[in-house]
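Reader: Could you walk me through how to read a structure like this one?
Author: Gladly; let us look at it together.

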Amino acid sequence: MLERGEVANSWRRERWDSLRLLTPNWQSRLPGLRYEGPDPDGYMTAGEVTEFIERFAKVSRAPVRTGVNVTSVRHTGDGYQVSTSRGEIHARTVVIASGACNQPAVPRFSDAVPAPVEQLTPLRYRGPGQLPDGGVLVVGASATGVQLAAELRRSGRPVTLSVGEHVRLPRTYRGRDVLWWMDESGVWDQRYDEVEDLTRARRLPSPQLAGTPERTTLDLNALTSMGVELVGRWAAVRDGRALFSGGLRNMFSLADLKMERLLDTFDEWAKTDGYDAEAGPPERFAPTRVPESARLQLDLQSGEIRAIVWATGFRPDYGWLHVPVVDAKGQLDHEGGVAGSPGLYALGLPVLRRRRSTFICGIEDDAREVIEHLARFLAARR
Ligand SMILES: Cc1cc2nc3c(=O)[nH]c(=O)nc-3n(C[C@H](O)[C@H](O)[C@H](O)COP(=O)(O)OP(=O)(O)OC[C@H]3O[C@@H](n4cnc5c(N)ncnc54)[C@H](O)[C@@H]3O)c2cc1C
């Protein structure tokens, strides 16, 4: 196992200071290692996740070589030539586990943002103190965007949040964490070959969830109540002005509708599985409030906005992979983790084999199945 940094590098170096997992502690499970602390319903800090993964590396005796950067992987006649910062390796098979979130996905028009406005991505953001005083425009309303908008607003800054397609979820439902419902009802176990539109499922933004000790819901209504101003999806920059799409009402209705459908699925499962009597009654939530007149543009030269935080998602980095298995959008072409080159595999990508694939609790089943394929591949060659 080659790691360019240290074990749990992304949790050490690429997370902001206040970040906690949005998955509850009991859901942090790796083969042979489970959370056994006093607060199963709490949410780990990034430091605690680092310790958890470090412990796993020790108990599993993973043969990790840290400080080894892979600079190139090429297909050769009988396997792969792997060039690293510490020399060459020949491998019959390669498993790509380099992460799904190596780079921030920032729109090209960010180049046209006037210079005095500071721009930051979540990979560099550590806390509000890093930003100049004054207004902040947070772009993107998925897990990262809603969490950073709330933190920046609490620091006393005026915050505008640009909202595109998003996934609304309550933190708790019928007395349980909403991710308990995802887990128990089998929604998270839906397999990649059962998903109706896999390409879409793989591009789905992360849910609007935060792990806080109070287990509060952090949807757009919560942000509006905190004084965050909502605007539409940022479409372009023209003459130093940010231009936002209209249609917030439609976008909000769609997210509300999808949430209701998911809650219906949970209720249906509770009824058939006999959980109805134990759980509280079904709940439904107030629709997302649409601002009376959402602004369609914002003058970036007026001084109102001093900083922009791009919470517009992440993408993997395969700059080192010289095998023709990466599509025009920079995504790995694979079938359930089996890439289109003999002996090349991947783990840890969205909906790799099931809906829970990119989460910590998703790796165990995915890894077992992918490694079974790998073992069969090696056996057949022998
Ligand atoms: C902001 C954020 C919040 C998240 N919150 C949660 C959560 O609440 N719950 C949850 O379950 N999951 C969460 N995730 C998903 C989380 O990233 C995964 O659960 C987990 O970290 C994925 O592990 P991984 O090993 O697949 O990828 P990563 O953690 O990205 O690890 C990939 C490793 O590969 C190394 N690497 C990359 N390229 C090279 C190279 N060329 N040579 C050598 N080494 C290389 C990197 O240094 C890194 O250590 C979150 C992700 C992000 C970005």
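**Around the ligand**

Author: Helix α1 contributes the most to the shell around the ligand, with three residues. Helices (H or I, at least four residues) and strands (E, at least two) are DSSP runs, numbered from the N terminus. This is a predicted model, in which local features need pLDDT of at least 70 and side-chain atom pairs count only at pLDDT 80 or more, while totals for chains, interfaces and linings use all residues. Residues are numbered from 1 along each chain as its sequence is written, and side-chain values use heavy atoms, with hydrogens and water left out.

Reader: How many residues surround the ligand?

Author: A residue is near a molecule if one of its heavy atoms lies within 4 Å of it. Here 23 residues surround the ligand, and E3, S10, L22, T23 and I360 are the closest.

Reader: What about helix α8: what should its 19 residues span?

Author: The expected span is 1.5 Å times one less than the number of residues. Helix α8 (residues 363–381) should therefore span 27 Å, and its end C-alpha atoms are 27 Å apart, which agrees.

Reader: Which residues of α8 are buried?

Author: Buried means under 20% relative accessible area, exposed over 50%, and partly exposed in between (1.4 Å probe, protein chains only). In α8 the buried residues are D366, E369, V370, L374, F377 and L378. Their cover includes β8 (94–96) and β26 (344–346).

Reader: Is G343 buried or exposed?

Author: G343 counts as buried because its relative accessibility is 4%. Beyond its neighbours within four places in sequence, G343 is in contact (heavy atoms within 4.5 Å) with Y80, R92, T93, V94 and F377.

Reader: Where is V351 found, and what is its phi?

Author: Most residues other than glycine have a negative phi. V351, in the loop between β26 and α8, has a positive phi of about 45° although it is not a glycine. At 6% relative accessibility, V351 counts as buried.
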